[in-house]
Amino acid sequence: MIEVKDIELSNSSNSRKLVEQLYSSGGFTAKKVGEGTRILGEMIEEKNCLRFLSFPADIIATGTRGVVRKLIEQRLFDIVVTTCGTLDHDISRTFKPYFHGFFEADDAALYKKGFHRLGNIFIPIANHGPVIERVMQKVLANLWRQGKRELASYELVWEIGNYLMKNKQAQKNLEKSIIYWATKNKIPVVIPGITDGAAGTQIYLFSQDRDFKVNVLKDEKLLAREVLSAKKSGALIIGGGISKHHVIWWNQFRKGLDYAVQITTAPEWDGSLSGARTREAISWGKIKEKAKHVTIEGDATVLLPLMCSALLK
């Protein structure tokens, strides 16, 4: 029996001490936050452990992008799996700003004034689609001139990163870019649904009169090689969807993840993958029965900065 202990705040408290106290407090989601941070710490310190980071694109439209970027900058994860929207938001925000908004905004009025709304983030239309189009068309044209006709999605991400490094306009915000750090550290960013976003649409448009392809099977070869040769594997999973499933799907071929921490706001009762708790994946062989795992219910824009701050300390 472990005694429940009160959280004691002081002027000298830091994120690591606070997270340790959250665990010691015993309840309710607080303990899960502490447990998840412990599991991630053990996973990162484990030698010969292949570490996955998966997340949906929406958080990249927020300041949580900086947390994700820091994890990649510090090489705490070996493979990233995400959605096409991550490219969209990262490219856009490298060149142009997004703004604070509010959930209750009049969306029809916003659109007439030239804004998209993502939750309580306002995105000027001119700062999004046109920026992505300009960057992607230049990247693809450069690849075509170099004789490159077929790339994996992770290779394309690195090519975008190489372009950003050479672009003077991008220099001001370059080190805030996820794409930049993934390219610099040669961390593969796998995007299984590469056409589901503005960057993917630009690839389609470019390929209409050219034989240019993104070969997702090259991504699968990378995943197969890394997963099947890993002695252990673990994952930090934000939300669900295709990003989560691609990670756990491949890990079933090595009889499951050894470590898994999921942060989600989705309910379990709707049967969605976003709502499915990590324990459900055990029945599919995607997480090992004796794995260290936890599902933390809550908003990743709050929990991820807290947990990762403690983790870095």
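The largest nonpolar core of this predicted model contains 65 residues, where a nonpolar core is a set of buried Ala, Val, Leu, Ile, Met, Phe, Trp, Tyr and Cys residues joined through side-chain atoms within 4.5 Å. Buried denotes under 20% relative accessible area, exposed over 50%, and partly exposed the range in between, with a 1.4 Å probe and protein chains only. The residues with the most contacts inside this core are V68, I91, M136, L156, I160 and L236. Helix 6 supplies the largest share of the core, 7 residues. A second, separate core of 23 residues includes V81, W158, V190 and A291. In soluble globular proteins, nonpolar side chains tend to be buried together. When residues up to four places away in sequence are not counted, I160 touches L87, I91, M136, V139 and I179, contact being defined as heavy atoms within 4.5 Å.

Residues are numbered from 1 along each chain as its sequence is written. Local features of the predicted model need pLDDT of at least 70 and side-chain atom pairs count only at pLDDT 80 or more, while totals for chains, interfaces and linings use all residues; side-chain values use heavy atoms, with hydrogens and water left out. Helices (H or I, at least four residues) and strands (E, at least two) are DSSP runs numbered from the N terminus.

Helix 6 (residues 129-145) packs against helix 4 (residues 84-95), their axes coming within 9 Å and crossing at roughly 100°. Axes are lines fitted to C-alpha atoms, for helices over the stretch in contact, and angles between N-to-C directions run from 0 to 180 degrees. Helix 4 and helix 6 are therefore roughly perpendicular to each other; angles under 35 degrees count as roughly parallel, over 145 as roughly antiparallel, 65 to 115 as roughly perpendicular and the rest as oblique. On the helix 4 side the contact involves D88, I91, S92 and F95, which meet V131, I132, V135 and M136 of helix 6. These residues comprise 6 nonpolar, 1 polar and 1 charged. In this classification Ala, Val, Leu, Ile, Met, Phe, Trp, Tyr, Cys and Pro are nonpolar, Asp, Glu, Lys and Arg are charged, and the others, Gly among them, are polar.

Helix 6 also packs against helix 7 (residues 153-166), at an angle of about 105° and with the axes 10 Å apart. Helix 6 is thus roughly perpendicular to helix 7. From helix 6, V135, M136, K138, V139, L140, N142 and L143 take part, and from helix 7, L156, E159, I160 and Y163. By class, this contact has 8 nonpolar, 1 polar and 2 charged residues.

Helix 11 (residues 241-251) has S243, K244, H246, V247, I248, W250 and N251 as its buried residues. These pack against strand 1 (49-54), strand 2 (79-81), helix 10 (216-229), strand 9 (232-238) and strand 10 (257-264).

T94 lies in helix 4 and is buried, with a relative accessible area of 0%. Its side chain reaches the backbone oxygen of D90 at 2.6 Å, a polar contact (a pair of N or O atoms within 3.5 Å; within protein, one must be able to donate a hydrogen and the other to accept it, and residues adjacent in sequence count only if both atoms are side-chain atoms). Neighbours within four places in sequence aside, T94 is in contact with R65, Q169, A170, N173 and S177.

S25 lies in helix 1 (residues 15-25) and, at 12% relative accessibility, counts as buried. The side chain of S25 reaches the backbone oxygen of L22 at 2.6 Å. Apart from neighbours within four places in sequence, S25 is in contact with V4, K5, I7 and A30. T64, in the loop between strand 1 and helix 3 (65-73), is buried at 4% relative accessibility. Leaving out residues up to four places away in sequence, T64 touches I59, A300, T301 and L304.

Backbone geometry was examined last. Most residues other than glycine have a negative phi, and most peptide bonds are trans. A cis peptide bond, with omega about -15°, joins G27 and F28, and F28 lies in the loop between helix 1 and helix 2 (29-45). R75, in the loop between helix 3 and strand 2, has a positive phi near 60°. K186 has a positive phi of about 55° and lies in the loop between helix 8 (178-184) and strand 7 (189-190). At 48% relative accessibility, K186 counts as partly exposed.
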